[in-house]
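Hi,

Here is the model I promised to pass on. Have a look, and then read on for my notes.

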Amino acid sequence: MINMKQINTLIFLILAVFLFSCVKNRQNQYVVKYDTGITGQARLKFNINSAKINNPTMLIKIDNVVVSNLLTARTPFPGGGYNTGGSNYADFLGVAPGSREINIAIPKARTSTDSILIYKGNLNLESAKYYTLHVTDTADKVKTLLVEENVDNSFVPKPGFRFINLMPNVPSVDLYYGPFKIASGINFLNITPEFTLDSINTAFAWTVREANATANLATYTSASTVLNNTKYTIFATGYKGIPGTTDVRRPFVSFFMVSKQP
């Protein structure tokens, strides 16, 4: 006679097989690392900064296929980053080129069915090119910017950067590295050309200020943000004026890796 312990073990094994099958199927459809060299595909990363006070989880679909795990705001996917959620790898999704329908939504509980739509639109992607879709603000004010990425970091040993302003209520921001102003007057949804640092001090903080202001909106310090042979996107996100230290909508300066040599 089967006892309760054996029944629980059987249920666990069935669930494990089911979950492994789901993950395997999802990876076969889209998820690859940026350096796998799969021919004929475009590469795509998402930088979702549509933050709500209760920080609900979201799912990403491409052509109505779920390609992500449950994500919260400020979690670049795939790959994560620094001062973000997620891991810290320079990963992209492998996606068939052409017109792809993108759907980002808060799902109904315990399902993959959309409940609250964050963003829906079409992207035209070219084979062998790398892209990041930046998503910011909420409700009917959601804005997006598709950026083509240059993942080649073989020509310079220094860390390389671009900086984007994703703060909806701050029209223009400055970026500092320690006492040095690195980028000046970057408008909302604008991104800088690539730049490097002449010298590196791992104790320096990265700071974002409203353009020409002296007060800091956000700061972050990590030696992992200045690694050689690595390319980063720095992004200012959140809303000026959100008080406290726990609200996910407050200002942040965060990073994700575009490419990293082994």
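Is Phe 92 buried or exposed? Phe 92 is buried, with a relative accessible area of 0% (buried is under 20%, exposed over 50%, partly exposed in between, with a 1.4 Å probe and protein chains only).

Some housekeeping before the rest. This is a predicted model, where local features need pLDDT of at least 70, side-chain atom pairs count only at pLDDT 80 or more, and totals for chains, interfaces and linings use all residues. Residues are numbered from 1 along each chain as its sequence is written, and side-chain values use heavy atoms, with hydrogens and water left out.

Overall, the protein has one helix and 17 strands (DSSP runs of H or I with at least four residues, and of E with at least two, numbered from the N terminus). Of its 262 residues, 45% count as buried.

Back to the rings. There are eleven aromatic pairs in the structure (Phe, Tyr or Trp rings, the six-membered one for Trp, with centres within 6.5 Å; planes under 30 degrees apart are stacked, over 60 edge-to-face, the rest tilted). One of them is Phe 92 with Tyr 130, edge-to-face at 5.2 Å centre to centre and 85° between the planes. This pair links distant parts of the chain, with Phe 92 in strand E5 and Tyr 130 in strand E8, 38 residues apart. Tyr 130 counts as buried too, at 12% relative accessibility. Lys 45 lies over the face of Phe 92, 4.6 Å from the ring centre (the rule is NZ of Lys or CZ of Arg within 6 Å of the centre and within 35 degrees of the ring normal).

There is also an aromatic cluster, whose members include Phe 161, Tyr 177, Phe 204 and Trp 206.

Now the sheet: four strands form an open one in the order E13-E10-E16-E17, with mixed pairing (strands pair if DSSP finds at least two bridges between them). Strands E13 (195-196) and E17 (252-260) stand at the edges with a single partner each, so one side of each has no neighbour in the sheet. E10 and E16 run parallel and are joined by seven bridges, and Ile 164 stands opposite Phe 235 in E16.

Last, Val 170, in the loop between E10 and E11. Val 170 is buried at 0% relative accessible area, and beyond four places in sequence, Val 170 touches Asn 165, Phe 188, Glu 210, Leu 217 and Lys 240 (contact means heavy atoms within 4.5 Å).

Cheers
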